[in-house]
Amino acid sequence: MKNKYSFFSLVKNAFSYHENWEKAWKDPEPKKEYEVVIIGGGGHGLATAYYLAKKHKINNIAVVEKGWIGGGNTGRNTTIIRSNYLWDASAGLYDHALKIWEGLSQELNYNVMFSQRGVMNLAHNLQDVRDLKRRTHANRLNGIDAVYLNTEQVKKFCPIINTSPDIRYPVLGGTLQKRAGTARHDAVAWGYARGANEMGVDIIQNCEVKGIKRNGDCLEGIETTKGFIKTNKIGVVAAGHSSVIANMAGLKLPLESKPLQALVSEPVKPIIDTVVMSNAVHAYVSQSDKGELVIGAGTDDYVSYSQKGSHDIIEGTLNAILELYPIFSRMKMLRQWGGIVDICPDASPIISKTPIKGLYFNCGWGTGGFKATPGSGDLFAHTIANDEPHKLNAAFNLNRFVSGDLVDEHGAAAVAH
Amino acid sequence: MFLINCPFCGEREQSEFKAGGEAHIIRPKQPSELSDDQWAEYLFMRKNIKGVQFERWNHIHGCRKWFNIVRDTSNDEIKAVYKMGEKPPVG
């Protein structure tokens, strides 16, 4: 790497008051033609370009982004990373990502602040207990670390949880994945952008795709706000806007785009050193390195691209948070925002070829895409480079909605979608 | 967060309602005669429009009746409300 970040580069740049750091990625105008164009400059799109260049030696790539990189759902999620999924296909996919996370800062020479602080999922009724025990066994059979905790063990692991039996949804137990945790979401986009740019990938921001030009079943290129770009391979990683791009190519996808909200509190001293999620009451919380509580809410049930959700959704989430953590009752919330998530009928993603040759989609991550960023990029790059899915993403094809071979993680996953 | 003008009860908060998804998807008369592709199209594929979309809603915390609305999904502005069985407004 040309400008490796290290202790020495930090000292060297200190002498010039840190004013001469080279830009982490360039801001070029688009070339006339690319071998591959990735639509969407979020974590997944940038990771795809990075692995296409690194593993598959394709360097003539553009990533086109409507706004700025990492400004969509990459910068809007609650940064939780885990792989404790029930079904084998999902477990394989998410644990592949988790394994890459474990070495990602070193690989990218960029600190993504990956913190394996553990993720605990709570059970509030007998069915939850049975489901979580089943999932623990399923995880272990797939080589994923998981332990089941009873109420006392939950309390010991996270002492601020209210484990009184008198509350509306008492804590009957929980699961713990210790390898799980959080990462700095912006850094993931920036690290991949820097790495991809280093290998010759053009990252083109403020460039909105307006149309996809086809000649029969062959792709000719894309119309953008920065002109026509010729290409015959397109990877679409547009999250909530996947259906909009699909429509440009004359495709229909099994997706619905809905607002998902999150909020952060004022910063406080360290109070919760893990991530706690609760499916039944739909509340999850962790604490950022700045000290803010990071709280995730649920989705609205209607289609919207407005990037703002309903107030009653966050009210419900905060009710649950306060019952589980009475200590937070006087905390002030500082910011609240929404992102648009694309949800599949089976709540599993699509990393797939399409009926159109050279057009690939990576979408449908719904409420849980951030954790998969490195694995998703790696497998999508494989799919694009070989025109064939990797065995880890073969189950996540678009055709499963025709064949009926769904990967139904609705309810089976550790959090409701 | 927005208000919906229920054709039976009048204007109420959106939180009183349940969204029922895309409207005017007609259930096939002879499902057994469809190909897998046609069944998938009916069951799973959605327009998921960014812009003006026709939708079904149910006033679950009110009259519990179904009706249709026309809504711009890019800003949640409601353009029209009409009852089940009525013709969708044009333009």
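**Close-up views of the chain A and chain B model**

**View 1. Salt bridges between chain B and chain A.** Two salt bridges (a side-chain nitrogen of Lys or Arg within 4 Å of a carboxyl oxygen of Asp or Glu) are counted between chain B and chain A. Lys252(A) is joined in this way to Glu41(B), with 2.9 Å between the closest N and O atoms. The structure is a predicted model, in which local features need pLDDT of at least 70 and side-chain atom pairs count only at pLDDT 80 or more, while totals for chains, interfaces and linings use all residues. Residues are numbered from 1 along each chain as its sequence is written, chains are lettered from A and ligands numbered from 1 in the order in which they are written, and side-chain values use heavy atoms, with hydrogens and water left out.

**View 2. The side of chain B that touches chain A.** Across the interface, 14 residue pairs, both at pLDDT 80 or more, are in polar contact (a pair of N or O atoms within 3.5 Å; within protein, one must be able to donate a hydrogen and the other to accept it, and residues adjacent in sequence count only if both atoms are side-chain atoms). Strand 3 (18-22), helix 1 (36-43) and strand 4 (52-58) of chain B each give two or more residues to this side. Helix 1 of chain B gives the most, with four residues. Helices (H or I, at least four residues) and strands (E, at least two) are DSSP runs, numbered from the N terminus.

**View 3. Extent of the interface.** Chain B supplies 26 residues and chain A 25 residues to the contact (heavy atoms within 4.5 Å). The buried area (accessible area, 1.4 Å probe, that two parts lose on being put together, summed over both) is about 2100 Å², and carbon and sulfur atoms give 53% of this area.

View 4. Nine of the 10 residues of strand 13 (residues 256-265) of chain A are buried (under 20% relative accessible area, 1.4 Å probe, protein chains only). Strand 13 pairs (at least two DSSP bridges) in the antiparallel sense with strand 17 (residues 333-343) of chain A over 10 bridges, and Gln261(A) stands opposite Gly338(A). An antiparallel pairing with strand 16 (residues 293-299) of chain A runs over four bridges; here Val264(A) faces Val294(A).

**View 5. Surroundings of Glu292(A).** Glu292(A) lies in the loop between strand 15 (283-287) and strand 16 of chain A. Glu292(A) counts as buried because its relative accessibility is 9%. Beyond its neighbours within four places in sequence, its contacts include Val264(A), Ser265(A) and Arg335(A).

How values were computed:
Buried < 20%, exposed > 50% of the residue type's maximum accessible area, 1.4 Å probe, protein only.
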